[in-house]
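Subject: Structure handover

Hello,

Here is the structure I said I would pass on.

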Amino acid sequence: MRIFVKECPYLSNRTLSLNDRTYAYLLSVSVDETELLRALRAETAGDKFAVMQISPEQGQFMALLVKLLGAKRILEIGTFTGYSSLILAEAMPEDGELICCDNSEAWTEIAKKYWHKAGLQNKISLFLQEAAVTLQHLLDNSAAGTFDFIFIDADKQNYPLYYEQSLKLLRRGGLLAVDNTLWSGSVADPENMEPGTRAIRRFNEMVKNDSRVTKSLVPIGDGLTLIVKDFE
Ligand code: CA
């Protein structure tokens with residue numbers, strides 16, 4: 001049976017801009033946030049950097065990606081207070097391994113507390129130093145091509161560097177997810193020349209012109225670019 005648009009006034013073939021009511025509905029029917037994740041969200045809400053925490057629907061989406069990939073080896077660049085790491089580690093099988101990079105002792109102390117509460121501490125290793133140093137250390141120690149999934153959510157100025165290092169660390173067919181690639185829409189404003197905005201623009205252009213990968217910028221959260229390292 002053919003369906004005409006005039007018969008479907010509620011169809012949209014363009015990504016919706018969610019109002020509060022639609023967003024609340026989306027959360028209510030599609031997010032399984034655990035008690036522990038809710039508690040971590042509440043604890044982080046008092047931090048002036050709380051906006052750095054990923055949204056519940058993005059966490060749900062990333063858990064799905066981990067399961068879809070059957071990822072057993074994950075790298076997270078930028079851990080903050082641990083919300084995404086909890087989700088990633090939980091979604092992996094028992095013998096999975098998550099390596100976390102962050103340089104804040106205060107933030108990762110909170111993350112560690114929740115890893116223990118969730119019984120996930122054995123799956124997670126934290127490198128508390130500049131992420132670029134950790135990534136180079138991994139590359140120098142035969143970790144190239146060994147990661148199934150990498151999540152980049154750290155200082156935006158270094159996104160181009162993390163991107164190149166991550167592509168080396170990722171296995172072929174592995175997935176790279178990069179956060180904040182819409183940067184609240186500021187990347188589309190030509191008058192916005194703030195350093196973070198320029199860095200994300202530069203990164204987005206790099207990915208756009210990179211023939212080694214297949215990509216999609218998904219407008220979830222603040223924009224999440226998914227990048228598959230191609231087999232050929
Ligand atoms: Ca982020």
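By class, how many nonpolar, polar and charged residues are in the lining of the largest pocket? The lining has 12 nonpolar, 15 polar and eight charged residues. Please keep in mind throughout that this is a predicted model.

Pockets

The largest pocket has a volume of about 740 Å³. Its lining is made up of 35 residues, and those nearest the centre are Met52, Asp153, Ala154, Lys156 and Asn180.

For the second largest pocket, the volume is about 460 Å³. Here 16 residues form the lining, with Leu16, Leu18, Pro219, Ile220 and Gly221 nearest the centre. Helix α1 (residues 20–30) supplies three residues, the largest share of the lining of the second largest pocket. By class, that lining divides into eight nonpolar, four polar and four charged residues.

Helix packing

In general, a pair of packed helices is described by the angle between the two axes and by the distance between them.

α2 with α4. Helix α2 covers residues 35–44 and helix α4 covers residues 83–91. Their axes come within 10 Å and cross at roughly 165 degrees. Angles over 145 degrees count as roughly antiparallel, so that is how α2 and α4 run relative to each other. The crossing of α2 past α4 is right-handed. On the α2 side the contact is made by Leu37, Leu40 and Arg41, and on the α4 side by Tyr83, Leu86 and Ile87. Five of the residues in this contact are nonpolar, one is charged and none is polar.

α3 with α4. Helix α3 (residues 56–69) also packs against α4, with axes that come within 9 Å and cross at roughly 30 degrees. Angles under 35 degrees count as roughly parallel, and α3 is therefore roughly parallel to α4. This crossing, too, is right-handed. From α3 the contact takes in Pro56, Gly59, Met62, Ala63, Val66 and Lys67, while α4 brings Tyr83, Ser84, Ile87, Leu88 and Ala91. The classes in the contact of α3 with α4 are eight nonpolar, two polar and one charged.

α2 with α5. Helix α5 spans residues 105–117, and α2 packs with it at an angle of about 165 degrees, the axes being 11 Å apart. α2 and α5 are therefore roughly antiparallel, and their crossing is right-handed. The contact joins Leu36, Ala39, Leu40 and Glu43 of α2 to Ile110, Lys113, Tyr114 and Lys117 of α5. Its residues divide into five nonpolar, no polar and three charged.

Regards

Methods
Residues numbered from 1 in each chain as written. Predicted model: local features only at pLDDT ≥ 70, side-chain atom pairs only at ≥ 80, totals over all residues. Heavy atoms only, no water. Axes fitted to C-alpha atoms, helices over the stretch in contact; angles between N-to-C directions. Helix = DSSP H or I, 4+ residues; strand = E, 2+ residues; numbered from the N terminus. Parallel < 35°, antiparallel > 145°, perpendicular 65-115°, else oblique. Left-handed = near helix turned anticlockwise from the far one by under 90°. Contact = heavy atoms within 4.5 Å. Nonpolar A, V, L, I, M, F, W, Y, C, P; charged D, E, K, R; others polar. 1 Å grid on protein atoms, 1.4 Å probe; cavity = no way out; pocket = protein on both sides within 12 Å on 5 of 7 lines; lining within 4 Å. Points joined across faces, edges and corners; volume = space filled by probe spheres on them.
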